Amino acid sequence: MSTDININRFLDDQGRITQLPRKRVVRHVLLSHLAEKFVPDKDYTEKEVNAICDKWHTFSDFFLLRREMVDAGLLCRERDGSRYWRKTAN
């Protein structure tokens, strides 16, 4: 992923996501920004993931953000949703 993609127009002055970009590459960079709020290899409950997502966006759709991060491979989860985690970067 290119590090020269500027996501600032999608963030407020507190670093919270204000909207999701349509372009897939930019969207992935923005979701990566959110995924950095999770400690690598720490287990999270769905409720904890929702709370972190809710804290870091302004449009009241933490479900979408959680699903998008999982779909993008930025967060992992058990099939039953009982545990979420962020992999350590290789």
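**The core and its surroundings**

Mentor: The largest nonpolar core has 22 residues, and those with the most contacts inside it are Leu30, Phe38, Val49, Cys53 and Met69. A nonpolar core is a set of buried Ala, Val, Leu, Ile, Met, Phe, Trp, Tyr and Cys residues joined through side-chain atoms within 4.5 Å. Buried means under 20% relative accessible area, exposed means over 50%, and partly exposed lies in between, with a 1.4 Å probe and protein chains only.

Trainee: Which helix gives the largest share of this core?

Mentor: Helices H1, H2 and H3 each supply at least two residues of the core. The largest share amounts to 6 residues, and its source is H1.

Trainee: Before we continue, on what kind of model do these values rest?

Mentor: Residues are numbered from 1 along each chain as its sequence is written, and side-chain values use heavy atoms, with hydrogens and water left out. Local features need pLDDT of at least 70, side-chain atom pairs count only at pLDDT 80 or more, and totals for chains, interfaces and linings use all residues, since this is a predicted model.

Trainee: In what order do the elements of the chain run?

Mentor: Helices (H or I, at least four residues) and strands (E, at least two) are DSSP runs, numbered from the N terminus. The chain holds 3 helices and 2 strands. From the N terminus on, the order is α-α-α-β-β.

Trainee: What is the radius of gyration of the chain, and how does it stand beside the globule rule?

Mentor: The radius of gyration is taken over C-alpha atoms, and the globule rule is 2.2 Å times the number of residues to the power 0.38. For 90 residues the rule gives 12 Å, and the value for the chain is close to this, so the chain is as compact as a globular protein of that length. The radius of gyration is 13 Å.

Trainee: Which residues does Met69 contact, leaving aside its neighbours within four places in sequence?

Mentor: Contact means heavy atoms within 4.5 Å. Met69 is among the buried residues of H3, together with Leu64, Leu65 and Arg66. The cover over the buried residues of H3 includes H1, H2 and strand E2 (84-85). With neighbours within four places left aside, the contacts of Met69 are Leu31, Leu34, Ala35, Phe38, Cys53, Leu74 and Leu75.

**The segment before the helices**

Trainee: Is Leu20 buried or exposed?

Mentor: Leu20 belongs to the segment before H1. Not counting residues up to four places away in sequence, Leu20 touches Arg27, Leu30, Leu31, Phe59, Leu64 and Leu65. Its relative accessibility is 17%, so Leu20 counts as buried.

Trainee: How does Ile5 stand: what is its relative accessible area?

Mentor: Ile5 is also found in the segment before H1. Leaving aside neighbours within four places in sequence, Ile5 is in contact with Val25, Val26 and Val29. Ile5 is partly exposed, and its relative accessible area is 22%.

**Loops and backbone angles**

Trainee: Where is Asp41, and what is its phi?

Mentor: Asp41 lies in the loop between helix H1 (24-35) and helix H2 (46-55). With a relative accessible area of 52%, Asp41 is exposed. Although Asp41 is not a glycine, its phi is positive, about 65°.

Trainee: Which residues does Arg83 contact, leaving aside its neighbours within four places in sequence?

Mentor: Arg83 lies in the loop between strand E1 (76-77) and E2. Arg83 is partly exposed, with a relative accessible area of 26%. With neighbours within four places left aside, its contacts are Asp43, Tyr44, Cys76, Arg77 and Glu78.

**The chain as a whole**

Trainee: What percentage of the residues of the chain count as buried?

Mentor: Along its principal axes, the C-alpha trace spans about 35 × 30 × 20 Å. Of the 90 residues of the chain, the share that counts as buried is 38%.
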